[in-house]
Amino acid sequence: NSNSNSNSGLVVLTVQGLKCSSCVALIESVIGANTNGVTKAVVNHITGLAKIHFNPNIISATQIASDISDLGFEARIISIHDGNQKSSEEISISIENLKDFNI
């Protein structure tokens, strides 16, 4: 795995339905170890967050969220950092700043 910026991404998702460490292990093993293009998956059932390191040239953040949902969890992307897209945090800030204008 190369660590250059063009093929290194991070998606942060909220994951609902995480009941215990077995749920965490399921996502980390299926997504983290067995999904082509994913280099690492770190899931926390206390916070309900998943941080997935991936190669955006191989798999998209949307596909990762879909794959987690296919395991029986509700996964929603809260930020993407893949070198090609602005993160949803940056987009939200941009929209938030627009509310000061009378449109």
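Predicted model: local features only at pLDDT ≥ 70, side-chain atom pairs only at ≥ 80, totals over all residues.
Residues are numbered from 1 along each chain as its sequence is written, and side-chain values use heavy atoms, with hydrogens and water left out.

Zooming out, the open sheet has four strands in the order β2-β3-β1-β4, with antiparallel pairing (two strands pair if DSSP finds at least two bridges between them). β2 and β4 (74-81) are at the edges with a single partner strand each, so one side of each has no neighbour in the sheet. On average, neighbouring strands are turned by 20° against each other, direction ignored.

Now for the helices. Helices (H or I, at least four residues) and strands (E, at least two) are DSSP runs, numbered from the N terminus. α1 lies across β1, β2 and β3 and runs at about 170° to β2. Helix α2 (residues 61-70) lies across β1, β2, β3 and β4, at about 160° to β4. Axes are lines fitted to C-alpha atoms, for helices over the stretch in contact (heavy atoms within 4.5 Å), and angles run from 0 to 180 degrees between N-to-C directions.

Finally, look at the loop between α1 (21-34) and β2 (38-44), where you'll find Thr35. Leaving aside residues up to four places away in sequence, Thr35 touches Val30, Ile59 and Asp67.
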